[in-house]
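Please look through the sequence and the model below before reading on.

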Amino acid sequence: GNVIGGAMHDYFAGMICTRDGGIQMPDMIKKYTNSKVFWIYDVFVSVLLLLVGAVFIYTPGDIAATQVFGFSGGAKDPTTWIIYGIIFVYYYIATVFPIDKIIGKVYPIFGAVLVFSAVGVFFVMVGNHYPLVNVWDSWNTGAFAYGDYFFGVGDMKSFGHFMPIFFVTVACGILSGFHSTQTALIARTMKSEREGKMTFYNMMIVEGFIAMVWAAGTMALIQMGAAKGGITMQFENGVLRYFQQAADGGLKAISATSVVGVLCRKALGPVGGAIALIGVIVLPVTSGDTALRALRLTIADTFHIKQDNNARRLMLATPIFVLVFGILVWAKVDTNGFNLLWRYFAWSNQAMALFALAAAAIYLLIEKKGAFVWMPLIPGIFYTIVCGSYILNAKIGFNLPWNAAYAGGVALAVLYAVSVFVRGRRPANTL
C-alpha cells in the first residue's frame, strides 16, 4: 500500500505542484477539478488539520507523561494537563510567530533519531526472533484473538469488517493525505526536479518502513505478554485495554500510546530506549505545529483575511485553538475517546488523499499521459470504497447497515472514476 499508494500520492502531488511553479495544494485542486470540489476540499483540509493538531498533542503528551516522567497519564492527573499545556502553548507560538528558522535546524536531528531507532528495533526483532503472527497462520493466538476481532466473532461482533476498519486504523504509514497539504512548501525548496523522487517518494517509503517496524514491534509485545516483559492486551466492554507487569508481579493498566515506550526499552535498553522515546515524542509535535500553522493560513487564504501582523494572526489562531482544546478534553475524558479520535483522524487523513489522487489522474489525462492514469486511479478507487463505506456505516456518520454501506462505497468509487475521466477531457482551469 505504501509503495503503490502513499509514496505515489506524495510524489505526484509534490511534482505537479513543482511543475506548476510551487502552487499551493488548494490551487492545484481548483486547477484540475472545479470550484465545487475545491470548497469540499477546503472543508476537509480544515477538519483534518484540526484533528492532526489534537491527536499530536494527545499522543506525545501521553508518552511523555507515562514513559518519561512516570506519571499516570490519567484525565484526573494534573501533570497530564500540564504536559498537554506545554505542547499547546508551543503550538500556539509556532502557529502565530515565524519560528521556522529555529525549528528548521532542530527538527532534522530528531528525524534522524526516529529513523535510527526504527532501524535498531528492526534488527533487534530479527536478531532475537520476536514472536509475530503470520498472515497464513491462525489469527487467534493465546495472546489475543485477532481473527475474532477483525471478523466479528462472539463478544467482538460489532468490531468485525476487516474492510474498511483495518485500513482506517492503519493510517499514515500506508497513505497520508496530510502530506499533500505540505507539498507546495517543500516543492519551493527544491533546486531541481531530480530531487523529487528522494524528497517525495523515497521519504514516504521510509515512513512506511518506520510504521511497519513499530506495528510489528507492538504485535511482538502482545505475543510475549506482560509476564515476559511485553504487554497484555484485553478486550473489555467494547474497548481494547493494555497492561504492563507491575513491580509486585501483577498487571498495571497503561494507555495505548504508552505501548511505544515499552517497546523502546524492551528492544533498545534504557539508554537507547530513552533516545528513541525523544524522537517518538518530538516527531508528532513537528506534525502538529505544522498542521495548525497550515490551518490558519488555509482559512486566511480562503476568506482573504490579512495575516500581516501578530494581532491579526492571534485573532485567527485563537478560535482554532479553542476547538483543538475542546477536542482534546473530550478525547481524554471519554473512555473510548482516543480510539474514536484516531479513527476519524485516520478517516479524514485518507479521504483527503482522494482529492490529490483525483487531481493527479486528471493531470495525466490533460497532459496526454493517459496510459499511466491507473497509477493514481487504482488507489483512489480503493480508498473511495474504504472511506465511503466507513463513514456510511459509522455512528458519527450516516449510521447505515454494513451491506448498504458497502454498496454505497462501491457506488461512490464508480462515481469517482467516471468524474475523473469526464474532467480529464477538458483543459486545466486558469488560476
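In this predicted model, Glu 236 is partly exposed, with a relative accessible area of 27%, and its side chain meets that of Arg 241 in a salt bridge with an N to O distance of 2.9 Å. Arg 241 also counts as partly exposed, at 35% relative accessibility. The structure holds 5 salt bridges, and this pair is one of them.

**Other salt bridges**
- Asp 308 and Arg 312 meet through their side chains in a salt bridge of 2.5 Å, N to O; Asp 308 counts as exposed at 52% relative accessibility, whereas Arg 312 is partly exposed at 34%.
- Asp 20 forms a salt bridge with Lys 31, where the closest N and O atoms are 3.3 Å apart.
- That pair links distant parts of the chain, 11 residues apart, with Asp 20 in the loop between helix 1 and helix 2 and Lys 31 in helix 2.
- Lys 31 is buried, because its relative accessible area is 18% and buried means under 20%.

**A buried charge without a salt bridge**
- Asp 77, which sits in the loop between helix 3 and helix 4, is buried yet has no salt bridge, and the nearest side chain of opposite charge, that of Lys 332, is 9.2 Å away.
- The side chain of Asp 77 does make a polar contact of 2.7 Å with the side chain of Thr 79.

**The second largest pocket**
- The second largest pocket holds about 780 Å³ of space and is lined by 27 residues, with Val 37, Ile 40, Phe 355, Leu 415 and Tyr 416 nearest its centre.
- Helix 15 gives the largest share of this lining, 7 residues.
- The lining residues divide into 19 nonpolar, 5 polar and 3 charged.

Methods: Residues numbered from 1 in each chain as written. Predicted model: local features only at pLDDT ≥ 70, side-chain atom pairs only at ≥ 80, totals over all residues. Heavy atoms only, no water. 1 Å grid on protein atoms, 1.4 Å probe; cavity = no way out; pocket = protein on both sides within 12 Å on 5 of 7 lines; lining within 4 Å. Points joined across faces, edges and corners; volume = space filled by probe spheres on them. Helix = DSSP H or I, 4+ residues; strand = E, 2+ residues; numbered from the N terminus. Nonpolar A, V, L, I, M, F, W, Y, C, P; charged D, E, K, R; others polar. Buried < 20%, exposed > 50% of the residue type's maximum accessible area, 1.4 Å probe, protein only. Lys, Arg positive; Asp, Glu negative; His and termini not counted. Salt bridge = Lys/Arg side-chain N within 4 Å of Asp/Glu carboxyl O. Polar contact = N/O pair within 3.5 Å; in protein donor to acceptor, adjacent residues only side chain to side chain.
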